[in-house]
Amino acid sequence: MASAALLVLLALATMQPQTTSSQKETHLKVYWHDVGSGPDPTSVPVARAATTNASKAAFGLVIVIDDPLTDGPGLNSSRLMGRAQGTYIAAGKDQLALLMLMNFVFTAGKYNGSSVAIMGRNAVFTEVREMAVVGGTGVFRWARGYAQARTHTLDLKTGDATVEYNVFVMHLSRP
């Protein structure tokens, strides 16, 4: 038993805490294109509560996404940087507020192969919404931070939207 305690003490003594010098802050700006209309939607409803259709805020609706992320607001005129893959849920009973659970998966540029995990409340009609960065992979290993979303365009008829995301990420520096 004494040898187990000694091993634990040795392990704790050799652990080194993360220092600010081994961390890096990165700012990402991308445009998220949520397309539910047309022949090739990137967001599809997969579940709804019995009361969803009667709700003014679509309460209980679950949507799965594989939305393009581009470097500019034009879906067809901007460079594809990656995909936002995940789900969002209409979680507000009286206000259109979504629970966003998504990974920004980068497929181009210097972040190709890396991802950032975002989770949080998105009150759609608020000018700026803030969500948490809760993790990442690749370049963004051990990521934490926040994402700010601003609606660029929203078609109230189709629900199609383009949203500007500014993501501020603290992550490990790569040697």
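Where is the place of Ala-58? The loop between strand E2 (43-47) and E3 holds Ala-58. The model described here is a predicted one.

## Overall make-up

The chain contains one helix and nine strands. Read from the N terminus, the order of elements is α-β-β-β-β-β-β-β-β-β. Of the 175 residues in the chain, 38% are buried.

The accessible surface of the chain is about 10,200 Å², and carbon and sulfur atoms account for 59% of that surface. When contacts between residues at least 6 apart in sequence are considered, 49% of them link residues at least 24 apart.

## The nonpolar core

The largest nonpolar core is made of 31 residues. Trp-32, Phe-104, Tyr-165 and Val-167 have the most contacts inside this core. Eight elements are listed as giving two or more residues to the core, among them strand E1 (23-34), strand E3 (62-70), strand E4 (80-90) and strand E5 (97-106). The list also includes strand E6 (115-123), strand E7 (129-137), strand E8 (144-154) and strand E9 (161-172). In soluble globular proteins, nonpolar side chains tend to be buried together.

Leaving aside residues up to four places away in sequence, Phe-104 has contacts with Val-30, Trp-32, Leu-69, Arg-83, Ala-84, Ser-114, Ser-115, Val-116, Ile-118, Tyr-165 and Val-167. Three of these partners, Trp-32, Tyr-165 and Val-167, are themselves among the residues with the most contacts inside the core.

E6 and E7 run antiparallel and are joined by five bridges. A hairpin of five residues connects E6 to E7. Within this pairing, Met-119 has Ala-132 in E7 as its bridge partner.

E7 also runs antiparallel to E8, again with five bridges. Here Arg-129 is opposite Ala-149 in E8. The hairpin formed by E7 and E8 has six residues between the strands, and Gly-138 in the turn has a positive phi of about 65°.

Ile-63 is 18 residues from Pro-45 in sequence, yet the two C-alpha atoms are 4.2 Å apart in space. Apart from residues up to four places away in sequence, Ile-63 touches Ser-43, Val-44, Pro-45, Gly-86, Thr-87 and Tyr-88.

Most residues other than glycine have a negative phi. Ala-58 has a positive phi, near 60°. With a relative accessible area of 22%, Ala-58 is partly exposed, because the value falls between the limits of 20% for buried and 50% for exposed.

Trp-142 also has a positive phi, in this case near 65°. Its place is in the loop between E7 and E8. Trp-142 has 65% relative accessibility and therefore counts as exposed, the cut-off being over 50%.

Methods:
Residues numbered from 1 in each chain as written. Predicted model: local features only at pLDDT ≥ 70, side-chain atom pairs only at ≥ 80, totals over all residues. Heavy atoms only, no water. Core = buried A, V, L, I, M, F, W, Y, C linked by side-chain atoms within 4.5 Å. Buried < 20%, exposed > 50% of the residue type's maximum accessible area, 1.4 Å probe, protein only. Helix = DSSP H or I, 4+ residues; strand = E, 2+ residues; numbered from the N terminus. Contact = heavy atoms within 4.5 Å. Areas by Shrake-Rupley, 256 points an atom, 1.4 Å probe, with all protein chains shown as cover. Pairing = 2+ DSSP bridges.
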